[in-house]
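User: I am new to this structure and would like a close look at one part of it, the aromatic rings. Please begin with the whole and then work towards them.

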Amino acid sequence: MKYDVTLSIVNYNDYERAKKAIASVLQYTHGVRVKIYLVDNASTDGSATRLADEFPAISVIFSDKNLGFGAGHNLVLPLIDSDFHAIVNPDIILTGDILAELTDYMRSHQDVGMCTPAIRYISGAPQQLPKRNPRLRYLIANRAPGKRWEPLRRHYKMLDEDLSDVTDVEFASGCFLFVRTPLLKLVGGFDERYFMYFEDADLTRTLRKNTRVVYYPHAYVYH
């Protein structure tokens, strides 16, 4: 069966947060047909089996070792049959039918290959996650103390841009990505040489060679 949206969550000993994430997707998704895949990266707490029992509609993929973030998500590539695929962290919470909203947006903007919504802390405060390419000077500035680095930090986090409307981005955070499934399959998903961190920057850079990647601020999730 082909779905409008497939969605993957990679779990590693994270039962409580993954449970809340899955429950929120099932509760708030109504406007599209969605299929959830849980990839378990060799958890030792039995969380994947518990989640499979509690949510019989999801599909669980058991890895025999911890593959990391990108390689874990890549395990679903041969299985998914959908127009769009959502890459979701286990600590993401939905409070609205964002999958339907992003589907509508992408279907009406064929030049966009991947988008990411606004991300909020549980308190409601915004997270500054759209970024420019993670060049060395930005990474140094992001860790270095002192006000002299502030202009570079702000530039890296795009705080010098008006992000109140749809904006093209060079680095979309992997905590929630919404991508055209055929395009994700075409590029082979994440580069598995990245175990964790910056595989999302690499995927953004790869996709931008042939399509747009945008920040879509009119919908949000909690992280």
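How much accessible surface does the protein have, and what share of that surface belongs to carbon and sulfur atoms? After that, how many aromatic pairs does a search of the whole structure find?

Analyst: The accessible surface of the protein comes to about 10,700 Å², and 51% of it belongs to carbon and sulfur atoms (Shrake-Rupley method, 1.4 Å probe; for residues, only the protein chains shown count as cover). This is a predicted model, in which local features need pLDDT of at least 70 and side-chain atom pairs count only at pLDDT 80 or more, while totals for chains, interfaces and linings use all residues. Residues are numbered from 1 along each chain as its sequence is written, and side-chain values use heavy atoms, without hydrogens and water.

Of the 223 residues, 52% count as buried (under 20% relative accessible area; exposed is over 50%, partly exposed in between; 1.4 Å probe, protein chains only). The protein has eight helices and eight strands (DSSP runs numbered from the N terminus: helices H or I, at least four residues; strands E, at least two). The eight strands form an open sheet of mixed pairing, in the order 3-2-1-4-7-5-8-6 (two strands pair if DSSP finds at least two bridges between them). Strand 3 (59-63) and strand 6 (167-168) are at the edges with a single partner strand each, so one side of each has no neighbour in the sheet.

Now the rings. The search finds four aromatic pairs (ring centres of Phe, Tyr or Trp, with its six-membered ring, within 6.5 Å; planes under 30 degrees apart are stacked, over 60 edge-to-face, the rest tilted). One of them joins Phe-69 and Phe-190, edge-to-face, at 5.5 Å centre to centre with 65 degrees between the planes. This pair links distant parts of the chain, 121 residues apart: Phe-69 belongs to helix 3 (residues 69-74), and Phe-190 to the loop between helix 7 (181-187) and helix 8 (199-207). Both Phe-69 and Phe-190 are buried.

Another pair is Tyr-105 with Tyr-216: the centres are 4.8 Å apart and the planes at 45 degrees, so this pair is tilted. Here too distant parts of the chain are linked, with Tyr-105 in helix 4 (residues 98-107) and Tyr-216 in strand 8 (residues 212-222), 111 residues apart. Tyr-105 is buried at a relative accessible area of 8%, and Tyr-216 counts as buried at 9%.

Two further rings have a charge over the face (NZ of Lys or CZ of Arg within 6 Å of the ring centre and within 35 degrees of the ring normal). Arg-50 lies over Tyr-15, 3.6 Å from the ring centre. Arg-120 lies over the face of Tyr-220, at 3.6 Å from the ring centre.
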